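Notebook open, model loaded. I want to go through the fold, the helices and the contact between the chains.

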Amino acid sequence: MSAALLTAAAAASEEPTVQLTSQTRILAALIAIAFMALILELIRRDSLQERFSVVWFVAGLGMLAGAIFPGLLTAVADLMGVRDTNVALFSIILLLLLGLTLNFSVIMSRQAAQITRLAQERALEKAREQADAAGNDGQTASSRRETPS
Amino acid sequence: MRTLVFIPAWNEADAVAGVIAGVRDHLPDADVLVVDDGSTDATAARAAEAGATVASLPFNQGLGAALQTGYLYAVRGGYDFCAHLDADGQHPPAEVARLLEEVRADRADLVLGSRYREAGGGDQSAETIVGEDYEATLSRRIGISVFRFFLTLATRQRFTDTTSGMRAANRRVMELFSENYSPDFAEIESLQLAVREGLRVEEVPVRMLERVGGASFLTPVRSAFFIFKGMIVLLVGQFRPRTER
């Protein structure tokens, strides 16, 4: 029984690792180049701010590197203990995207808070103007002016 | 001693003027501010006609942001006490006056009007309030009891009306809420926050009326979602760091 298991394990370890075909590599390289060109174009058209483009450029370069040097990906797959390079690739991409979307949620939350505060400040400013103009007794108006922001 | 009464209002053009008039009747010394939360109807105009100062948010931000705007106005205006009530006519201004008395007497930092707490002893002002008594729908009652349970668990203090939008506060509460107020879960999280910060929070039994205009935004599905969200907010709130003051 144990002998059978051992031979099965040995056979499994001798099984060749699954590599990317050269066809997928060419396709990936082309997509990576097109992707980076798109990023550049978006920046040029002011549709994307530079500070948000960095992470996408890094992603594009990573894609290109993976396509040109397949050894890189195999090494990472070995490190992860994954025999199929494609599975390693998908896992990495999935994790990166997860991190990226979370990052966007954090940015969105911060901006939502900033927008709310901005709206409140504007509303308060207008209200104070109105209160001052309506000339609530002079005392009230002056004490309001004493405490700006 | 200056007092601000503010009224968060979102598309309450029919009811807001009446509420303002009521506040002026019962609290003649208080300044009245209407926080118009991006209304698309004539709420802001009606409020200004009725003699209130109006702070108009440029777009609808939700109740939490509207209430925080009121607290901010109170802090910057140098008010000593503030109170807020709903714009739909559910909250009798006479009851708001009673809440304010509690904070003015320094018996609590934050006072809530509760529909469900039994009145203890002679309740003088309640008799003079004219209107149909408030009756909660089933989904609302379920939600309220769930929140009541979890908020009591989180704060170790008994609350009966966790979503009450009729409150009075002193300077300490104003300063806390003007900086830390959840935009999503205004009523409940603010209570948790206040108790965690060591403020004295108290409930006072009040009468509430059926709304004059508009309809409740709660459907059963929304209620379920609302309850679920509230539980997460409360859970997260337990692990939030205390502010240094």
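In what order do the strands of the open sheet in chain B run? I read off E3-E2-E1-E4-E6-E5-E7, which makes 7 strands with mixed pairing. I note that this is a predicted model.

**Entry: the sheet.** I looked at the edges next. Strand E3 (53–57) and strand E7 (201–205) of chain B stand there, each with a single partner strand, so one side of each has no neighbour in the sheet. From one strand to the next, the twist averages 20°. I then picked one pair from the sheet. Strand E1 (residues 3–9) of chain B pairs with E4(B) in the parallel sense, over 4 bridges. I checked one residue of that pair: B:Leu4 has B:Cys82 in E4(B) as its bridge partner.

**Entry: what packs on the sheet.** I found H5(A) packing on the sheet, where it touches strand E2 (31–37) and E3 of chain B. The direction of H5(A) makes about 155° with that of E3(B). I also followed helix H6 (residues 171–179) of chain B. Helix H6 of chain B lies across E4, strand E5 (110–114) and strand E6 (167–170) of chain B. Its direction runs at about 100° to E6(B).

**Entry: the contact between chains.** I counted both sides. On chain B, 19 residues are in contact with 14 residues of chain A. Which elements of chain B give two or more residues to the side that touches chain A? I listed E2, E3 and helix H3 (63–76) of chain B. H3(B) gives the most, with 6 residues. By type, I sorted the residues on this side of chain B into 10 nonpolar, 7 polar and 2 charged. For the complex, I wrote down an ipTM of 0.81 and a pTM of 0.77 from the predictor.

**Entry: helices of chain A.** H5(A) has 49 residues and should span 72 Å at 1.5 Å a residue; its end C-alpha atoms are 72 Å apart, so the two agree.

I went back to H5(A) for burial. Its buried residues include A:Thr85, A:Ala88, A:Thr116 and A:Gln120. I then turned to A:Ile107, which lies in helix H5 (residues 85–133) of chain A. Is A:Ile107 buried or exposed? I call A:Ile107 exposed, because it has 11 C-beta neighbours inside 10 Å. I also took a distance along the chain. A:Ile107 and A:Asp132 are 25 residues apart in sequence, and their C-alpha atoms are 37 Å apart in space.

**Entry: chain B as a whole.** Of its 245 residues, 49% count as buried. For contacts in chain B with a separation of 6 or more, 77% join residues 24 or more positions apart.

**Entry: confidence.** Chain B averages 85, and 86% of its residues score at least 70. Among its elements, strand E4 (residues 81–84) of chain B has the highest mean, 96. Helix H5 (residues 138–155) of chain B has the lowest, 80. I flagged residues 121–127 of chain B, where pLDDT stays under 50. For that stretch the model has 4 contacts beyond four places in sequence.

Technical notes:
Residues numbered from 1 in each chain as written. Chains lettered and ligands numbered in written order. Predicted model: local features only at pLDDT ≥ 70, side-chain atom pairs only at ≥ 80, totals over all residues. pLDDT = per-residue confidence, 0-100. Contact = placed C-beta atoms within 7 Å. Buried ≥ 20, exposed ≤ 12 C-beta atoms within 10 Å, placed from the backbone. Pairing = 2+ DSSP bridges. Axes fitted to C-alpha atoms, helices over the stretch in contact; angles between N-to-C directions. Nonpolar A, V, L, I, M, F, W, Y, C, P; charged D, E, K, R; others polar. Expected span 1.5 Å × (residues − 1).
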